[in-house]
Amino acid sequence: MFVSDFRKEFYEVVQSQRVLLFVASDVDALCACKILQALFQCDHVQYTLIPVSGWQELETAFLEHKEQFRYFVLINCGANVDLLDILQPDEEAVFFVCDTHRPVNVVNVYNDTQIKLLIKQDDDLEVPAYEDIFRDEEEDEEHSGNESDEGSEPSEKRTRLEEEIAERTLKRRQRGEWEARRRDILFDYEQYEYHGTSAAMVMFDLAWLMSKDLSDMLWWAIVGLTGQWVQDKITQVKYVTDVGALQRHVSRHSHRHEDEAHALSVDCARISFEYDLRLALYQHWSLHDSLCNTCYTAARFKLWSLHGQKRLQEFLADVGLPLKQVKQKFQSMDVSLKENLREMIEESANKFGMKDVRVQTFSVCFGFKHKFLASDVVFATMSLMESPEHGSGMDSFTQALDSLSRGNLDKLYLGLELAKRQLRATQQTIASCLCTNLVVSQGPFLYCALMEGTPDVALFSKPASLSLLSRHLLKSFVCSTKNRRCKLLPLVMAAPLSAEQATVTMVGIPPETDSSDRKNFFGRAFEKAAEGTNSRALHNHFDLSGERPCMAPVRRPGPLPAALLPGACAPAQPHGPA
């Protein structure tokens, strides 16, 4: 059930208990975890933290620890499936679920005892009514009335029997109609997957409600929201709306601290709202590298071609930036150029068809030396979490979590370097796929497969990295193709997962359109395709759809037959899977 009073029904309940935290491996979940950790430390709440990257890890960890805890908090996992069916907990176990995945499973919504949903109900949830989904079992009336028939005449018995048969037939027909209507309602409700309000924002609202919101918590909420936007999980309208809400908190914190002594402290955190350039890591890179490795500019300039490289040179000339300046580190550029750089780039970008090169965002200054945009921290945290160099998933998770603290700036700078490598590899792989025509049309969708031995292919075996590559590849393909029909198709992409087991990871990305609502149909499509083709598939990731990949290993990578996703791009049908 939905929790209406987070403080009373959640925080005060767990405040005096031992709590087990299950945290998904994504930026928003990490930021929500940091906020909740800060609250728990403030009130001396005992907790154990376990990172989980998929359903298998969640089930294994729960089985291992279920005897030691009664209260469980799940961050960015658990809302979109029947949690009790998967975990099979004891009756006294209580789960608090703070998850952005939509739609929320109806069993979780209407369970009043064990499932407590920490979800903002002002999101457009559209949960079906209880009576449309659940129905009490009817009593067995097969032998009803038999006792009273003993003294009746045969004709009366016959008449009564005929009436009972007609009544049962009517009830069976009504039940059949109700079940058919239920299937239609559930199909309409569950066919598309999308994301709701950031979990970090939900946790920050809880801290604010209890008057325990610190500047660090506000920054983590900002990073969590920005993580959703960078990964295309929410629409631009949703992002701008939530930015406005956080901007009010930033103003409140600025006024609260402007007269305090710590405003001049060497290690203070000063958060500010900005309209900044839509260029990845440009303040920690060279402007030229950022332009070449940001999906937005690389796709519009078509930098994988000689003509695109020429257009970039023309753009820099129009801005009035010498190559010597743009190819050195941003911090080393002439101050006179940096002062009006945003306005100069925005003016020239309009001439080259990039009308939204500046976006609403936030920045933070730690002391007088370290300044980061929210997107910088997102890229750094993602890279630390999915870097193949850090060994186990627990080590990567811990590194990424620690990098969000201002006392671990060395880890954050390490993450920035890894992010640069990731962005370079992404654009090089996109250029390779486009120049060698690896993106092919398979009827209702586009398909691209990375083969074993592809440069940097190991970087794309993890969820967020493969999703980032897939979305950027689709955007670049749409900008490069002249086929109008292909511009409206979704993309299915495969990358090697395990050479020993001959498996691949597959991800589906919805069509790239201006009116895209970020809703994804590939989760159900992959499930039906696996059933229809008897493929060995494992849907292990918390995102059942392809916004971030569902894990769907198959025996061997290769061209995906068009029959695998029949009608994937077709309009929603009136009937669907039960």
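**Notebook: charges, burial and backbone**

The model is a predicted one, in which local features need pLDDT of at least 70 and side-chain atom pairs count only at pLDDT 80 or more, while totals for chains, interfaces and linings use all residues. Residues are numbered from 1 along each chain as its sequence is written, and side-chain values use heavy atoms, with hydrogens and water left out.

**Entry 1: the whole protein**

I noted 578 residues, of which 53% count as buried. The protein has 21 helices and 14 strands. These elements are DSSP runs numbered from the N terminus, helices being H or I with at least four residues and strands being E with at least two. I then looked up the contacts, meaning heavy atoms within 4.5 Å. Among contacts with a separation of 6 or more, 72% are between residues 24 or more positions apart. The accessible surface is about 26,500 Å², and carbon and sulfur atoms hold 50% of that area. Accessible areas come from the Shrake-Rupley method with a 1.4 Å probe; for residues, only the protein chains shown count as cover.

**Entry 2: salt bridges**

How many salt bridges does the structure hold? I found 20. The term stands for a side-chain nitrogen of Lys or Arg within 4 Å of a carboxyl oxygen of Asp or Glu.

I returned to Asp232, whose salt bridge partner is Lys475, with the closest N and O atoms 2.9 Å apart. This pair links distant parts of the chain, 243 residues apart: Asp232 sits in the loop between α9 (215-230) and α10 (236-257), and Lys475 in helix α20 (residues 463-480).

I next looked up Asp205 and Lys120, whose side chains form a salt bridge at 3.8 Å, N to O. Here too distant parts of the chain are linked, with Asp205 in helix α8 (residues 199-209) and Lys120 in the loop between β6 (115-117) and α6 (130-133), 85 residues apart. Asp205 is partly exposed at 24% relative accessible area, and Lys120 is partly exposed at 25%.

A further salt bridge joins Lys238 and Asp242 at 3.5 Å, N to O. Why are these two residues about one helical turn apart? They are 4 residues apart in helix α10, which means that about one helical turn separates them. Asp242 is buried, with a relative accessible area of 6%.

I also recorded a network of salt bridges that links Glu274, Asp276, Arg342 and Lys371.

**Entry 3: a buried histidine**

I located His249 in helix α10. Is His249 buried or exposed? His249 is buried, its relative accessible area being 9%. Not counting residues up to four places away in sequence, His249 touches Phe204, Asp205, Trp208 and Leu218. One of these, Asp205, was already recorded above as a salt bridge partner of Lys120.

**Entry 4: charged surface patches**

I looked for patches, which are made of residues with over 30% relative accessible area and no salt bridge; like charges are joined within 9 Å, and nonpolar side chains (Val, Leu, Ile, Met, Phe, Trp, Tyr) within 5 Å. Lys and Arg count as positive and Asp and Glu as negative, whereas His and the chain ends are not counted. The place of a charge is NZ of Lys, CZ of Arg, CG of Asp or CD of Glu.

A negative surface patch consists of Glu67, Asp90, Glu91 and Glu92. Glu91 belongs to the loop between α4 (83-87) and β4 (94-98), and is exposed at 73% relative accessible area. A patch of positive charge brings together Lys302, Lys482, Arg484 and Lys487 on the surface. I found Lys302 in the loop between α12 (295-301) and α13 (306-319); this lysine is partly exposed at 31%.

**Entry 5: backbone details**

Which residues does a cis peptide bond join? The bond lies between Arg102 and Pro103, with omega about 5 degrees. Pro103 falls in the loop between β5 (101-102) and α5 (106-110).

I noted that Gln88, although not a glycine, has a positive phi of about 50 degrees. Gln88 is in the loop between α4 and β4, and is exposed at 51% relative accessibility. Leu281, also not a glycine, has a positive phi of about 55 degrees. Leu281 lies in the loop between β8 (269-277) and α11 (287-293), and is buried with a relative accessible area of 0%.

Terms used: Buried means under 20% relative accessible area, exposed over 50%, partly exposed in between (1.4 Å probe, protein chains only).
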